[in-house]
Amino acid sequence: MPNEAKNWWETHAGHYQELCRLPVAVLYGLGAPSEADLQLIGPVAGKRVLEIGCGGAQCAVAFAQQGATVIAVDIAAAQIEFGRQLAREHDVGIEFHQRDIADLAPIPSVSQDVVFSANAFAYVDDLPACFREVYRVLKPGGLFVWSDGHPFGHCLAGPSLQLSRSYHATGKSVLGAETGCAFANHHRTISDLFNMQVAAGFVVERMLEPDSRQRYPDDPWFGLWDNTP
């Protein structure tokens, strides 16, 4: 994961957590359905679950509360410290690692039943390496379940959501470098993401595109803009 992602999250993690106030639940993103809605993973009691790009570890804590043995990985020390405190508050044990999720060296091969990630992969420079690492650590028949913002969202700019780039103009975008704390993400097409998984060895069983116009009760911003059409 690039330095831009680490530096940005080290600087802004506290503000993000305060603003979003994410619940302890397995969420697939802000304004997105939860695992309770989609049931992609199912019961995890007695299973080994790895969350990569865990942020404040709200999902990791939720998995641990359900009886899983959980490892959580994130690039930012500020996010890991938030997650440690959250785990203490909820009296669950989680093994944390601060590192680039394209390198999961501390995680033994063929050790995890489930690998989960929500809204982290746009920050990763070497996503093929990340997928290969996930494949390495999963047990045979294990599940890799992840979500990210729809790639078309990277093509829209400003409150008017004007089209600002071609969907096929893929690559890394860096904003705010002049401030000393740049924000960077990668635009990849759906076919890019699909093919990276296949190249890593995965068999893709399901691909979902939930309707983002719906409002989900587990969304921490649910109902804040009820007057917005």
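## Exercises on a predicted fold

Gln39 sits in the loop between α2 and β1. Helices (H or I, at least four residues) and strands (E, at least two) are DSSP runs, numbered from the N terminus. The model is predicted, with local features needing pLDDT of at least 70 and side-chain atom pairs counting only at pLDDT 80 or more, while totals for chains, interfaces and linings use all residues. Residues are numbered from 1 along each chain as its sequence is written, and side-chain values use heavy atoms, with hydrogens and water left out.

### Exercise 1: The whole chain

How many helices and strands does the protein chain have, and what share of its residues is buried?

*Step 1.* Count the elements: the protein chain has six helices and nine strands.

*Step 2.* Look at burial. Of the 229 residues in the protein chain, 42% count as buried.

*Step 3.* Now check the contacts (heavy atoms within 4.5 Å). Take those between residues at least 6 apart in sequence: 64% of them join residues at least 24 apart.

### Exercise 2: Helix α3

Find out which residues of α3 are buried and what covers them.

*Step 1.* List the buried residues. In α3 they are Gln58, Cys59, Ala60, Val61, Ala62, Phe63 and Ala64.

*Step 2.* Read what that says about the helix. Seven of the eight residues of α3 are buried, so the rest of the structure largely encloses it.

*Step 3.* Look for the cover. It includes α1, β1 (48–52), β2 (69–74), α4, β3 (94–98) and β4.

*Step 4.* Follow the chain onwards. Just after α3 comes Gly67, with a positive phi of about 100 degrees.

*Step 5.* Visit one of the covering helices. Gln79 lies in α4 (residues 77–89). Gln79 counts as buried because its relative accessibility is 3%. Leaving out residues up to four places away in sequence, Gln79 touches Trp9, Ala13, Gln17, Gly55, Gly56 and Asp74.

### Exercise 3: Aromatic pairs

Classify the ring pair Phe63 and Phe116, then the ring pair Tyr135 and Phe202.

*Step 1.* Know the rule. Rings of Phe, Tyr and Trp (its six-membered ring) pair if their centres lie within 6.5 Å; planes under 30 degrees apart are stacked, over 60 edge-to-face, and the rest tilted. By this rule there are 12 aromatic pairs.

*Step 2.* Take the phenylalanines. Phe63 and Phe116 are 5.5 Å apart centre to centre, with 75 degrees between the planes, and the pair is edge-to-face. The pair links distant parts of the chain: Phe63 is in helix α3 (residues 58–65) and Phe116 in strand β4 (residues 112–118), 53 residues apart. Phe63 is buried at 1% relative accessibility, and Phe116 is buried at 0%.

*Step 3.* Turn to the other pair. The ring centres of Tyr135 and Phe202 are 5.2 Å apart and the planes stand at 90 degrees, so this pair is edge-to-face. Tyr135 is partly exposed at 44%, whereas Phe202 is buried at 13%.

*Step 4.* Zoom out. Phe121, Phe131, Tyr135, Phe144, Trp146 and Phe202 make up one aromatic cluster.

### Exercise 4: From β4 to β5

Which way do β4 and β5 run relative to each other, parallel or antiparallel, and what handedness does the unit with α5 have?

*Step 1.* Check the pairing, which takes at least two DSSP bridges between two strands. Six bridges join β4 to β5 (residues 138–147), and the strands run parallel.

*Step 2.* Pick one bridge. Phe116 has Val145 as its partner in β5.

*Step 3.* Trace the path. A crossover is right-handed if, with the strands pointing away from the viewer, the path from the first strand over the helix to the second runs clockwise. β4, α5 and β5 form a right-handed β-α-β unit.

Definitions and conventions: Buried means under 20% relative accessible area, exposed over 50%, partly exposed in between (1.4 Å probe, protein chains only).
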